[in-house]
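Please find below my note on the model under discussion.

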Amino acid sequence: MARDVLSIARVLGGELVGDGIPPATPVDAALRLEEFSVVGHPGFATLVVAGAEPLASALTAGGPRADALAGAVLVSHGATRALRRAVDSTGATAIIGAEASDAVLHPLLVALLATDQAAEDRLVTTGTKVLTQVARRGGVAAVVAELARRIDGWAVLLDPHGQVISTAGAGGLHVQDAVAVAFSRPVRVRHPGLQVHPVGTGEDLSAYLVISSREASMSRGRDLASQAAALLDLILRTHDRTTTERLGREVMIGTLLEGGSAAAALLRRWGVHESSLTAFALTARSKSVDLERLVTRWLDELGSVHLITEEPGHVLGFLRDDRVDDLVRRVEGVTADARTPLRLGLGSSAASDALARTAAEARQALDVAVTDGRTVSRYRALPTVALVLDRLDAGDNARLTEVLDPLRGDDGLHGELTRTLRVYLAEHGSWGVAAEQLGVHRQTLTNRIHRVEELTGLSMGNPDDRTAAWLAIRALDR
């Protein structure tokens, strides 16, 4: 961690006087008085070392150099009255009465700052290596999430038009501030100290990376964000083809879910001639896992067509019935070896022209896998909830979901609040895990759950109310 003014005073055994510079200001350089001209960076403190008399004379001499000196931190072995008066009259800051002699102070401070800088450089190097690794595994979202974690703050990635590409640790207000700072809009920013890092340059600009760090070391966050911006530029430029593929698969999966002769004809053109298929839904507990890329690789290994699409929080796909166990073994193998477990939900076999049922079953099985912490959950083995829901008619199902109607938006559709409640309940009310899954701050999650309770009249502290909410959410998926 970078040294601040107060820690320097403590190391030197000196007295910190004057209030021109806050004690928590990080230090970036130590200079002899004769070397000093201006403060290098307004966000950092520059240490100026000399004897008490030369410092007092230079500080009260007047002129631009004296004004600049008042913005630095003076360091001296001496603690004379003249120096104290000069500091008080000019509003400067000084560390006086240092234990080391004036001749030793400068090399001592240079060595101290160099040691800290070496430690900072090592942390940045390590962080860059980790960012590169997660970029290979999880792409854009993984880089943004890892960066936010390493700088102990939040990060927002915006496209050139101000639309959010990915966020980590950021709520709605953070995103608004990120857009305002990135595009220099004349609005009040509620989070000072934001950094904007262009992803790409000039006409090749592909995004803006905006970060806010709670770290004491601003330089480390700046360096890591700069490295992350370079990685994101590379990913965004080489990953464009998947956007087209993803949109195409999404449209085709929609046709399969509608069923009928159009679905059967599409499957034949897609190279799938099986009369029945089994749906699967796969999710991970961490954003660092690129599920679509992982599943695509597995399907290639199994010689299967890429019948997959991304849905909120998971990947939905279809497999030949005889390939299901192969997929299960791969999921179990990754979960056994990795820190981040995967969760797999499997539907039952369905006719190729009527796949909507098995897709709904896979989603329900995935919900159970997430709730119970299972690696694999098969719809055929689901417990009581699914059994009850299977026996409800349309009227009962509608009455069951009425409790969630107050959460609908102005368009009459369920949106952010319903999704928040779903994730919160699926994660057993774990604030930290649910917030990570949603990509929001814990306080944002808390505010949303309180809003859900106000609108529905349910209490998440009441087991019966939680059960009613979960049944209603499960019924919505039918």
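**Note on the predicted model**

1. Arg343 lies in strand 13 (residues 342-346); helices (H or I, at least four residues) and strands (E, at least two) are DSSP runs, numbered from the N terminus. Arg343 counts as buried because its relative accessibility is 8%, where buried means under 20% relative accessible area, exposed over 50% and partly exposed in between (1.4 Å probe, protein chains only).

2. This is a predicted model, in which local features need pLDDT of at least 70 and side-chain atom pairs count only at pLDDT 80 or more, whereas totals for chains, interfaces and linings use all residues. Residues are numbered from 1 along each chain as its sequence is written, and side-chain values use heavy atoms, with hydrogens and water left out.

3. Which residues does Arg343 touch, not counting those up to four places away in sequence? They are Ala281, Leu282, Thr283, Arg285, Leu366, Ala369, Val370, Gly373, Arg374 and Thr375, contact meaning heavy atoms within 4.5 Å. A polar atom of the Arg343 side chain lies 3.1 Å from the backbone oxygen of Arg374. A polar contact is a pair of N or O atoms within 3.5 Å; within protein, one must be able to donate a hydrogen and the other to accept it, and residues adjacent in sequence count only if both atoms are side-chain atoms.

4. Asp465 belongs to helix 18 (residues 463-476). Leaving aside residues up to four places away in sequence, Asp465 touches Gly457, Leu458 and Ser459. A polar atom of the Asp465 side chain is 2.9 Å from the backbone nitrogen of Ser459.

5. Helix 10 (residues 291-302) has 12 residues and should span 16 Å at 1.5 Å a residue, which agrees with the 16 Å between its end C-alpha atoms; the expected span is 1.5 Å times one less than the number of residues. The buried residues of helix 10 are Leu291, Glu292, Leu294, Val295, Thr296, Trp298, Leu299 and Leu302. Gly303, which follows helix 10, has a positive phi near 70°.

6. In helix 2 (residues 52-60), Ala52, Leu55, Ala56, Leu59 and Thr60 meet Ala82, Leu83, Ala86, Val87 and Thr90 in helix 4. An α-helix has 3.6 residues a turn, so residues three or four places apart point the same way.

7. For the protein as a whole, the secondary structure comes to 18 helices and 15 strands. Buried residues make up 47% of the 478 residues.
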